[in-house]
Amino acid sequence: MTKNSHPLPLIFIFLTLIGTSYAGGIAIYWGQNGNEGTLSEACATGKYSHVNIAFLNKFGNGQTPELNLAGHCDPPSGTCTKFSADIKDCQSKGIKVLLSIGGGVGSYSLSSVEDARSVSKFLWNTFLGGKSSSRPLGDAVLDGIDFDIELGSTQNYEHLARFLKNYGVYLGAAPQCPIPDKFLGTALNTGLFDFVWVQFYNNPPCAYANGNITNLVNSWKRWTTTVPAGKIFLGLPAATEAAGSGFIPANVLTSQILPVIKKSPKYGGVMLWSRFYDLQNGYSTSIIGSV
């Protein structure tokens, strides 16, 4: 190379040709199987960047809210407060811990704007930075709220998002991959969500099937170019048993799909359902080097 050469522009040209690739994390849902180990154990693996505690599956419309953590503990008797130390432990490792509201089984809806405001106050005082005599997860302050809305009315979630965002907390959402999502489409259009882990499973028109990645990649491109959000994650089942359809073999994900979707500046990583299935199958171990 002569002294008149200019290497930097060549590097820029090379990077332009190969395309920029963005790094991401792995988000996991924890709380729906008593055999998945503790929250601290999940965070100690070093594999997860975000943990969604699932689920507050009863709220709104005048109901007394209920937290359901399957076999882990019994909220009414106060035995879930033991996870306060776990939450703080995870946060000390830089992991964001959110409470997921909704889920596939439960009773929840927001009957009005005022109902949304009331639920936001409950969430702030009971799980976030507010004060309440009843804090089922103890004095730990969660980082935010995840919306996994799959049942009931589709109304007023955009108002809940606005009220919660006014408290300065993180917002996550787990919509299905068809756009717009029936329950969360309006809320997502507010642009207030930091993390959107789209469920690319149980939805054949936009999920991986029979070796074909086209529908998934096309849907991903729509999500990352049309839906206003901080970061978008590819939501997947961590094992074939974790969903009715849409499981992607780890080698297919790492060789065919991640190289394509990581080119988007909106790429946040991969979300897995759930910690229990990941523990059984070791899916995150197989993909973490590529995420």
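## Ser40 and its surroundings

Setting aside neighbours within four places in sequence, Ser40 is in contact with Asp86 and Asp89, where contact means heavy atoms within 4.5 Å. The side chain of Ser40 also makes a polar contact of 3.0 Å with the side chain of Asp89. A polar contact is a pair of N or O atoms within 3.5 Å; within protein, one must be able to donate a hydrogen and the other to accept it, and residues adjacent in sequence count only if both atoms are side-chain atoms.

Ser40 belongs to helix α2, residues 39-44. Helices (H or I, at least four residues) and strands (E, at least two) are DSSP runs, numbered from the N terminus. Ser40 counts as buried because its relative accessibility is 18%; buried means under 20% relative accessible area, exposed over 50%, and partly exposed in between (1.4 Å probe, protein chains only).

## Model and confidence

This is a predicted model, in which local features need pLDDT of at least 70, side-chain atom pairs count only at pLDDT 80 or more, and totals for chains, interfaces and linings use all residues. Residues are numbered from 1 along each chain as its sequence is written, and side-chain values use heavy atoms, with hydrogens and water left out.

The average pLDDT of the protein chain is 94, and 93% of the residues score at least 70; pLDDT is the predictor's confidence in each residue, from 0 to 100. Residues 1-17 have a pLDDT below 50, and this stretch has one contact in the model beyond near neighbours in sequence.

## The largest pocket

The largest pocket holds about 310 Å³ of space. It is lined by 18 residues, of which Phe55, Gly103, Gly104, Glu150 and Trp273 are the closest to its centre. The elements giving two or more residues to this lining are β2 (50-59) and β10 (267-273). By class, the lining of the largest pocket has eight nonpolar, eight polar and two charged residues. Here Ala, Val, Leu, Ile, Met, Phe, Trp, Tyr, Cys and Pro count as nonpolar, Asp, Glu, Lys and Arg as charged, and the others, Gly among them, as polar.

Pockets are found on a 1 Å grid over the protein atoms alone: a cavity is a set of points where a 1.4 Å probe fits but cannot get out, whereas a pocket is an open set with protein on both sides within 12 Å along at least five of seven lines, and lining residues have an atom within 4 Å of a point. Grid points are joined across faces, edges and corners, and a volume is the space filled by probe spheres set on the points.

## The second largest pocket

About 240 Å³ of space lies in the second largest pocket. Its lining includes Leu56, Thr64, Pro65, Phe122, Thr126 and Phe127. Two or more residues of the lining come from each of β3 (66-67) and α4 (113-127), and α4 gives the most, with three residues. This lining divides into eight nonpolar, three polar and one charged residue.

## Two buried helix residues

Ser284 is found in helix α10, residues 283-287. With 0% relative accessibility, Ser284 counts as buried. Leaving aside neighbours within four places in sequence, Ser284 is in contact with Ile26, Lys47, Tyr48, Leu272 and Asp278.

Leu253 lies in helix α8, residues 250-261. Leu253 is also buried, at a relative accessible area of 0%. Not counting residues up to four places away in sequence, Leu253 touches Leu234, Leu236, Ile248, Leu258, Pro259, Tyr283 and Ile287. Its C-alpha atom is separated by 42 Å from that of Ser112, 141 residues apart along the chain.

## Backbone features

A cis peptide bond with omega of about 0° joins Ala54 and Phe55. Phe55 lies in strand β2 and is one of the residues closest to the centre of the largest pocket. The peptide bond from Ile179 to Pro180 is also cis, with omega near -5°; Pro180 is in the loop between β7 (170-173) and α6 (185-188).

Asn61 is not a glycine, yet it has a positive phi of about 55°. Asn61 is in the loop between β2 and β3 and is partly exposed, with a relative accessible area of 47%. Asn156, likewise not a glycine, has a positive phi of about 75°. Asn156 is in the loop between β6 (144-149) and α5 (157-165), and at 12% relative accessibility Asn156 counts as buried.
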